[in-house]
Amino acid sequence: MNTLSYKTVSINKESAKKKVAKILRGKYKPTFTPNADCGDNVILINAAKVVFTGKKETDKVYTRYTGYPGGQRFNTPAQLRTKDNGIDKMLRHAVKGMLPKGPLGRSLMNNLYIYEGTEHKQEAQQPKAIDINLYK
């Protein structure tokens with residue numbers, strides 16, 4: 001009996017075939033490995049058009065801490081939209097909650113590129129537009 005045909009293939013970061021796409025973790029790939037960065041790079045454009053449902057724009061609160069006593073700072077999404085990189089911080093916070101916690105999740109965040117407009121710096125990588133609704 002040839003047992004090599006039943007061998008489980010586990011890939012690492014060097015052998016992962018990465019394409020610029022909309023799937024950050026890579027769970028839709030047949031070569032998905034949970035402990036490796038085998039996902040694709042994600043370019044999110046038109047981030048300024050993101051909307052919240054209900055009253056989340058004014059009632060949701062993002063908390064950050066400066067590191068000093070009494071240094072808790074609170075912001076709503078409406079306040080963050082007026083600041084530099086505010087939309088970027090909101091979307092990174094949302095995506096970070098969906099990724100695994102630990103070193104793998106932190107390294108996957110480096111594959112995320114967020115732009116408020118339609119122009120981005122990754123044109124040389126020839127990105128492919130993917131309909132995210134196909135991956136539900």
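Reader: In helix H3, by about how much of the helix are Asp88 and Arg92 separated?

Author: This is a predicted model, in which local features need pLDDT of at least 70, side-chain atom pairs count only at pLDDT 80 or more, and totals for chains, interfaces and linings use all residues. Residues are numbered from 1 along each chain as its sequence is written, and side-chain values use heavy atoms, with hydrogens and water left out. Helices (H or I, at least four residues) and strands (E, at least two) are DSSP runs, numbered from the N terminus. Asp88 and Arg92 are four residues apart in helix H3, so what separates them is about one helical turn.

Reader: How far apart are the closest N and O atoms of Asp88 and Arg92?

Author: Side chains of opposite charge can pair when their charged atoms come close. The pairing here is a salt bridge, defined as a side-chain nitrogen of Lys or Arg within 4 Å of a carboxyl oxygen of Asp or Glu. Asp88 and Arg92 form one, and their closest N and O atoms are separated by 3.2 Å.

Reader: Is Asp88 buried or exposed?

Author: Buried means under 20% relative accessible area, exposed means over 50%, and partly exposed is in between (1.4 Å probe, protein chains only). Asp88 has 19% relative accessibility, so Asp88 counts as buried.

Reader: How many salt bridges does the structure hold?

Author: Asp88 with Arg92 is one of them. Another joins Arg81 and Glu57, and Lys29 also forms one with Asp40. The number of salt bridges in the structure is three.

Reader: How many residues apart are Arg81 and Glu57?

Author: The closest N and O atoms of the Arg81 and Glu57 salt bridge are 2.8 Å apart. Arg81 is in helix H2 (residues 77-82) and Glu57 in helix H1 (residues 56-59), so the pair links distant parts of the chain. Arg81 is partly exposed at 26%, and Glu57 is partly exposed at 22%.

Reader: What does Asp40 count as, buried or exposed?

Author: Asp40 forms a salt bridge with Lys29, with 2.8 Å between the closest N and O atoms. Both residues lie in the segment before strand S1 (42-44), so the pair ties together parts that are eleven residues apart in sequence. At 6% relative accessibility, Asp40 counts as buried.

Reader: By what distance are the C-alpha atoms of Cys38 and Lys13 separated?

Author: Cys38 is found in the segment before S1. At 1% relative accessibility, Cys38 counts as buried. Cys38 and Lys13 are 25 residues apart along the chain, while their C-alpha atoms are separated by 6.3 Å.

Reader: Which residues gather in a patch of positive charge on the surface?

Author: Patches are made of residues with over 30% relative accessible area and no salt bridge; like charges are joined within 9 Å, and nonpolar side chains (Val, Leu, Ile, Met, Phe, Trp, Tyr) within 5 Å. Lys and Arg count as positive and Asp and Glu as negative, with His and the chain ends not counted, and a charge is placed at NZ of Lys, CZ of Arg, CG of Asp or CD of Glu. One member, Lys89, is in helix H3 (residues 86-98) and counts as exposed at 53%. The patch is formed by Arg64, Arg73, Lys83 and Lys89.

Reader: With which residues is Asn75 in contact, leaving aside neighbours within four places in sequence?

Author: Asn75 is in strand S3 (residues 72-75), and it counts as buried because its relative accessibility is 11%. Contact means heavy atoms within 4.5 Å. Beyond its neighbours within four places in sequence, Asn75 touches Lys60, Val61, Tyr62, Arg64, Leu80 and Lys83.

Reader: What value is phi of Asn85 near?

Author: Asn85 is in the loop between H2 and H3. Its relative accessible area is 48%, so Asn85 is partly exposed. Asn85 is not a glycine, yet its phi is positive, near 60°.

Reader: In what order do the elements of the chain run from the N terminus on?

Author: The chain has 136 residues, of which 31% are buried. Its secondary structure comes to four helices and four strands. From the N terminus on, their order is β-α-β-β-α-α-α-β.

Key:
Accessible areas come from the Shrake-Rupley method with a 1.4 Å probe; for residues, only the protein chains shown count as cover.
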